[in-house]
Amino acid sequence: MKGYRLDERLQTLSGRRLAAENKPLVGITANLSDGDATLRERYYLQVSAAGGAPVILPPLSGDAIFTWLDNLDALILSGGGDCDPHWQGEEKLAVAGKIKPQRDESELLLACLARERSMPLLGICRGIQMMAVAFGGHVAQDISLDAAWQKEKGICHSQKAPRDVKTHKIIIDPQSNLRDIYNCNSLAVNSFHHQVVDCPPDNFRVVARSEDGIIEAMESAEYKPFMGIQWHPEWLGEEGRKIFDWLVGEAAVYKRAKALHQSFITLDSHCDTPMFFPQGADFTRRDERIKVDLEKMTDGMLDVATMAAYVPQPINNEVWSDVAPITTPTPFDYANLIFDRTEALVKSSKIPVAIARTPGEAVDNKRAGRKSIMFAVENALALGNDIKRVGHFKRRGAVYLTLCHNGDNQICDSARRSIGTWRGLSPFGEKVVNEMNRQGVMIDLSHAAESTFRDVLELSKKPVVCSHSNCRALCNHERNLTDEQLRLLAAKDGVCQLTLYAGFICENPSEADILHFVEHVEHAAQLIGTEHIGIGSDFDGDGGIRGLNDAGEMTLFTRQLLRKRFSDDDIRLIWGGNWLRVMARNQENNC
């Protein structure tokens, strides 16, 4: 009998090494059976046939979970067994089956942590139920407890027929990813369950039901690659593989987005997180009160967050004490207090982080595995009438000063609540522009009136920025820039950082989502080129939209750019390359 030739097999495999490196890594959770971690081969064969590299994940709940998620490109929660109702705060009823809390805990943790990273996620049968429990939905312990179930329809959801036999039909929502995957409005499926999702989580929507009312599929309502299905596609051959093709395709996009984020600086030019300091917010840990913290930055692979010391503008007959978020003698003292608090948090952080005052420091921090915090002052009211304070804030690390906020100040007229005090820059404002040029502090024209905008562009010897503004052609708001303003900004080598504030994205803010935001990106890119745009989220200053709501979701923006076929270099420029270029030009001969 001819013997096996291991050397020949190794030689064959070595020629496929490069192709294998590009395969997305897909984790599949294992079942527990009499002390063994088990998985039907159909799962990993389908993933492999779809072009993924499958790995089996045993039911562990320790540090291994983070190691898996750091390396995985997608996650499948597999079928088998019931969910312990205690996770929902309920006692186990007689109708419930055998439960395995150890497996439950592992999968619930995996699902939550994968969602925080916006990692592609597919739940199959029990898997859709675990997604529902993990994300705040509800699972009925038995179909008979589901109010939507219509017993008279006579569908057996725990079929006796072989697993590759389709026994009932589901109706698919025509406006869904599932419809796009199968290109049909109904589908015959198999069925092996008695527990059901009877209430989907918030931010998910039901996209398929069986004819007796049972939820058969749900997916993200926020353009995220999350889907749960109640049937078992791994048994349904090429037709079933379509679900795995979808997942592996999403995993490939996620893998590429991660690689891009690792290869360059990702920077958000405007966050208002310090506004939450009076409530005790702490960005060095996961804090659900704020949208930017170091944990979320890690999830979203965001390297640099620019924390603005937002200084409210007194208007009409108000004085500083009427609007001060924290009692301080002057706006100058308040801005310094915000910088002090930010520095103290950075110093105390257990997660590696440092203040970055220059592009080089941001690069050095990334190479050393540290996140970066940059400083800014939002509203030059903080200067008072003392031109020397420009240099003071430069020494403290401010990379830009926003000339005004909502309302005219001693520097200039504002885009909102202006009474035309100066019809542009004030005489003192002209001195401030010259001093900011001299000190190497970027001039931020977000919030500035068009008259101020034109005065500054004419006077400034260095490129200027808009740290968080959008396109007025798409949303007619006075805080947005006209096409003419965008062209003028680009002609001076400036940059407009497009923002996630819903009211600047859509004239009906309730409609704003990541797709609408990307329309602003595309419009600006076509008008002035990708060399003059970026992102300034305005997180924690009411920024955040469906599909891009906090720093943990930033890879979803990259995912959309890839789908719109922006080049890798375009994405690098948008994600911080342009901003750092303008910062470097301002700091030339000043640092």
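**View 1. Helix H18 passes helix H19 in a right-handed crossing.** A crossing is right-handed if the near helix is turned clockwise from the far one by less than a right angle, and left-handed if anticlockwise. Helices here are DSSP runs (H or I) of at least four residues, numbered from the N terminus. This is a predicted model, in which local features need pLDDT of at least 70 and side-chain atom pairs count only at pLDDT 80 or more, while totals for chains, interfaces and linings use all residues. Residues are numbered from 1 along each chain as its sequence is written, and side-chain values use heavy atoms, leaving out hydrogens and water. H18 covers residues 554–563 and H19 residues 568–587; they pack at an angle of about 145°, with axes 10 Å apart. Axes are lines fitted to C-alpha atoms, for helices over the stretch in contact, and angles run from 0 to 180 degrees between N-to-C directions. Met554, Phe557, Thr558, Leu561 and Leu562 of H18 make the contact (heavy atoms within 4.5 Å) with Asp568, Ile571, Ile574 and Trp575 of H19. Sorted by class, that gives seven nonpolar, one polar and one charged residues.

**View 2. Helices H5 and H6 also meet in a right-handed crossing, with H5 passing H6.** Look for residues 101–116 (H5) and 126–134 (H6), whose axes come within 9 Å and cross at roughly 65°. The two helices are therefore roughly perpendicular to each other, a label for angles of 65 to 115 degrees. On the H5 side you will find Arg103, Asp104, Glu107, Leu108, Ala111 and Cys112, meeting Arg126, Met130, Val133 and Ala134 of H6. This contact has six nonpolar, no polar and four charged residues.

**View 3. Arg396 is buried, with 15% relative accessibility.** Buried means under 20% relative accessible area, exposed over 50%, and partly exposed in between (1.4 Å probe, protein chains only). Arg396 sits in helix H13, residues 388–396. Its side chain joins that of Asn336 through a polar contact of 3.1 Å, where the N or O atoms must lie within 3.5 Å, one able to donate a hydrogen and the other to accept it. Beyond neighbours within four places in sequence, Arg396 is in contact with Asn336, Phe339, Asp340, Glu343, Arg357 and Phe375.

**View 4. Leu459 is partly exposed, at 27% relative accessibility.** You can find Leu459 in helix H15, residues 450–459. Not counting residues up to four places away in sequence, Leu459 touches Leu425, Glu430, Val433 and Asn434.

Conventions
Ala, Val, Leu, Ile, Met, Phe, Trp, Tyr, Cys and Pro count as nonpolar, Asp, Glu, Lys and Arg as charged, and the others, Gly among them, as polar. Angles under 35 degrees count as roughly parallel, over 145 as roughly antiparallel, 65 to 115 as roughly perpendicular and the rest as oblique.
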